[in-house]
There are 2 protein chains.
Amino acid sequence: AGDPAAGESKIAACAACHGTDGQGTSPIYPNLAGQSAAYLESALKAYRAGERGGGMSSVMTPQAQALSDQDIADIAAYYASLTP
Amino acid sequence: AGDPAAGESKIAACAACHGTDGQGTSPIYPNLAGQSAAYLESALKAYRAGERGGGMSSVMTPQAQALSDQDIADIAAYYASLTP
C-alpha cells in the first residue's frame, strides 16, 4: 500500500501543476486533494501505459513513465490524505 | 458557459458512479465535487473523442459520446459548483 509520508517526498514534479496542497495551480489542472487513492493510481497507470490521451496527457505520460508502482502508490496516498 | 442548474437535470447517468453530490460511489470512481469546470470539460471531451483510454474508459467513452458541447459544459458547471 502507499505511504503518504514517502509520497510527500516524491511530488516535486507533480506540485508544479497540482500544488503541494493538491489544489490545481490553473483551472485546467485537476485538484487532487482528497481524491481517492485507487482512482489516482488508476489514472497514473493509464498515463504511464500510454492509454490516457487528450487533455494534458503530453505532460502526464512522460511524468508517469518515470514512476515505479511504489512511487505511484505513495504519491496517490499522499494526495488522497489531504483535505479537499 | 455551463449552467449548473441545467447540468443538474443531465446527470442521471453520471450520478450512478459519481453521486448527485459529486462523491464517487466506489473508490475507483473519482470525486467530482468542486473539481474545476475547465478540467471536467477537458476530461469529458477527451473521453468523447476516444482519446482517453485505460481506467473506466469503457464506461466513460460511450457516456460522453451521448453528450453535446452544451451538455458537457452544463454537467461540468454543476459538479464544479458543489462543495468537495
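Through which surface do the copies meet, and what share of the interface residues of chain A are also interface residues in chain B? In this predicted model, 100% of the interface residues of chain A also belong to the interface in chain B, so the copies meet through the same surface.

**View 1. The relation between chain A and chain B.** Chain A is superposed on chain B by a rotation of 180° with 0.0 Å of shift along its axis, and the RMSD of that superposition is 0.0 Å. Such a relation is that of a two-fold axis. Within chain A, the C-alpha nearest the axis belongs to A:Arg52, which places that atom 2.2 Å from the axis.

**View 2. Helix α5 of chain A and its packing partners.** Helix α5 of chain A covers residues 69-81, and its 13 residues reach 18 Å from the first C-alpha to the last, close to the 18 Å expected at 1.5 Å a residue. The buried residues of this helix are A:Asp71, A:Ile72, A:Ala73, A:Asp74, A:Ile75, A:Ala76, A:Ala77, A:Tyr78 and A:Tyr79. These buried residues pack against three helices of chain A, namely α1 (4-8), α2 (12-18) and α3 (37-48).

**View 3. The surroundings of B:His18 in chain B.** B:His18 lies in helix α2 of chain B, which spans residues 12-18. Its relative accessibility is 9%, and B:His18 therefore counts as buried, the cut-off for that class being under 20%. The side chain of B:His18 reaches the backbone oxygen of B:Pro30 at 2.9 Å. When residues up to four places away in sequence are not counted, B:His18 touches B:Gln23, B:Gly24, B:Tyr29, B:Pro30, B:Leu32, B:Met60 and B:Tyr79.

Methods:
Residues are numbered from 1 along each chain as its sequence is written. Chains are lettered from A and ligands numbered from 1 in the order in which they are written. This is a predicted model: local features need pLDDT of at least 70, side-chain atom pairs count only at pLDDT 80 or more; totals for chains, interfaces and linings use all residues. Side-chain values use heavy atoms; hydrogens and water are left out. Copies are superposed by least squares on the C-alpha atoms of residues with pLDDT of at least 70 in both. Contact means heavy atoms within 4.5 Å. Helices (H or I, at least four residues) and strands (E, at least two) are DSSP runs, numbered from the N terminus. The expected span of a helix is 1.5 Å times one less than its number of residues. Buried means under 20% relative accessible area, exposed over 50%, partly exposed in between (1.4 Å probe, protein chains only). A polar contact is a pair of N or O atoms within 3.5 Å; within protein, one must be able to donate a hydrogen and the other to accept it, and residues adjacent in sequence count only if both atoms are side-chain atoms.
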